[in-house]
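Please open the structure in a viewer and keep the selection tool at hand. The stops below are visited one after another, each beginning with a selection.

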Amino acid sequence: MIAADAEIADVLALARPEIRELQPYEHAAWEPNLTRLHANELPWPNCSDRHDPPLNRYPEPQPRELIEALAEYYGVQPSQLLATRGSDEAIDLLTRAFCRAGRDAVIVTPPTFGMYAVAARIQDAAVVTVPRSGAPGFELDAAAVAAALRPEVRIVWLCSPNNPTGGTVSKATLDAILAATAGRALAVIDAAYAEFSASHDDGAWLARHAHCVVLRTLSKAHGLAGARIGALLAHPQIVQLLRRILPPYALAAPSVSAALAALQPTSLMVTRTRIELLRNAREQLARDLAALPAVIEIYPSDANFLLVRCRDAAAVMRATRAHRLLVRDFSAHPGLAGCVRVTVGNDSDNARLLDALREL
Ligand SMILES: *Cc1c(COP(=O)(O)O)cnc(C)c1O
């Protein structure tokens with residue numbers, strides 16, 4: 001299902017006019033059955049190359065097989081999907097396509113993922129902050145987001161499950177924000193951790209709202225952070241618009257092969273089992289951490305990490321490092337005093353984390 005055409009005209013009107021009118025770079029035609037004497041590639045693979053396909057050829061720009069596999073996995077049409085170098089690239093593409101430098105703005109809801117504000121600053125777009133409520137819920141305030149909307153706001157960034165707090169934005173809150181932003185701004189749901197949460201239905205949001213964009217990635221639940229493969233799900237005309245500013249050969253061939261292998265049914269079966277395993281480990285780790293004197297509170301998480309409020313974050317940072325563990329200090333962020341974020345590791349990693357904190 002794809003949202004109605006009347007709505008998409010209003011959404012495209014939000015994009016920068018020079019991007020709407022841009023004549024994209026014309027990459028060499030993709031005709032795999034013909035001999036390629038049109039792209040200035042070397043006819044032989046490098047002597048060290050063990051890849052299949054070998055790397056002497058440029059990759060297919062938006063590989064059809066990958067687009068179809070990702071679209072099936074996320075429950076959308078191939079025309080609704082843009083494959084990107086991780087969600088980070090999707091964040092950058094959206095910001096550059098929709099925000100005029102020095103004039104437009106985005107809304108972020110801290111504490112949340114830092115890349116939205118960084119991408120905005122790189123593009124010289126203003127960052128309007130609508131803070132979430134405090135602990136323990138870190139809820140998004142839909143009415144405050146609606147009140148912060150103004151003509152310059154082009155993108156409202158919504159992270160669910162939210163990094164670094166771990167909670168999912170409720171359906172009622174998302175519905176209220178999607179209603180408030182309709183025809184006024186893009187509402188982007190960054191669902192990087194969706195697999196670890198109880199429920200998430202990308203197709204349903206997109207079918208009802210032409211201005212809704214969903215970001216997914218193979219970096220987290222699929223264990224492919226090193227491959228840099230993400231997916232932007234949106235109305236086909238938004239996908240077409242963003243393709244204009246995507247570099248012509250954005251996806252490296254070995255990454256495409258790795259993603260295709262991970263999307264095979266047999267791999268997906270194992271991935272689903274591991275997600276279950278990880279969720280159980282998360283709940284166990286949360287209980288074990290909560291029992292330690294160094295810990296004040298663990299916040300509920302739908303992701304593969306826990307936000308932990310400690311009595312002394314600096315002491316926790318020192319103790320974990322002494323045990324050769326890296327965790328992330330968020331204690332300087334507003335509303336997160338004493339908080340560190342820990343990624344759920346394997347059994348031995350988690351045991352070492354508990355040992356380190358037990359000493360405090
Ligand atoms: C990790 C993360 C990303 C980046 O994912 P990549 O696909 O690896 O670029 C995007 N959004 C959030 C909220 C994340 O935590």
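Begin by selecting R228, which is partly exposed, with a relative accessible area of 31%. The model is a predicted one. R228 belongs to the loop that runs between β6 (212-217) and β7 (230-233). Its backbone deserves a look as well: phi of R228 is positive, near 60°, in a residue other than glycine.

**The ligand**

A polar side-chain atom of R228 lies 2.8 Å from an oxygen atom of the ligand. The protein covers 94% of the 390 Å² of accessible area that the ligand has on its own.

Select Y193 next; one of its polar side-chain atoms lies 2.6 Å from an oxygen atom of the ligand. Then select S87, where the atom to display is a backbone N or O atom, placed 2.6 Å from an oxygen atom of the ligand.

Now extend the selection to the whole shell. Which of the 14 residues around the ligand come nearest? They are D190, Y193, T217, S219 and K220. Colouring the shell by class gives five nonpolar, five polar and four charged residues. Helix α4 (residues 86-98) is the element that gives the most to this shell, with three residues.

**Helix α5**

Move to helix α5, residues 115-122. Which of its residues are buried, and which are exposed? Y116, A117, A119 and A120 are buried. These four cover an arc of only 160° around the axis, and therefore lie on the same side of α5.

Before leaving the helix, select D124, which follows α5 and has a positive phi, near 60°.

**Two cis peptide bonds**

Select A135 and P136 together. The peptide bond that joins them is cis, with omega about 0°. P136 is part of the loop between β3 and α6 (142-148).

Next select N163 and P164, which are likewise joined by a cis peptide bond. Here omega is about 15°. P164 sits in the loop between β4 and α7 (171-181).

**An exposed loop residue**

Select N40, in the loop between α2 (17-20) and α3 (64-74). N40 is not a glycine, yet its phi is positive, about 60°. Is N40 buried or exposed? At 78% relative accessibility, N40 counts as exposed.

**A buried serine**

Finish at S255, in helix α10 (residues 253-262). S255 counts as buried because its relative accessibility is 14%, and the limit for that class is under 20%. Display its contacts: leaving aside residues up to four places away in sequence, S255 touches A227 and I229. With these shown, the view can be brought back to R228, in the loop between β6 and β7, where the tour began.

Notes: Residues numbered from 1 in each chain as written. Predicted model: local features only at pLDDT ≥ 70, side-chain atom pairs only at ≥ 80, totals over all residues. Heavy atoms only, no water. Near = heavy atom within 4 Å. Polar contact = N/O pair within 3.5 Å; in protein donor to acceptor, adjacent residues only side chain to side chain. Areas by Shrake-Rupley, 256 points an atom, 1.4 Å probe, with all protein chains shown as cover. Helix = DSSP H or I, 4+ residues; strand = E, 2+ residues; numbered from the N terminus. Nonpolar A, V, L, I, M, F, W, Y, C, P; charged D, E, K, R; others polar. Buried < 20%, exposed > 50% of the residue type's maximum accessible area, 1.4 Å probe, protein only. Arc of directions from axis to C-beta. Contact = heavy atoms within 4.5 Å.
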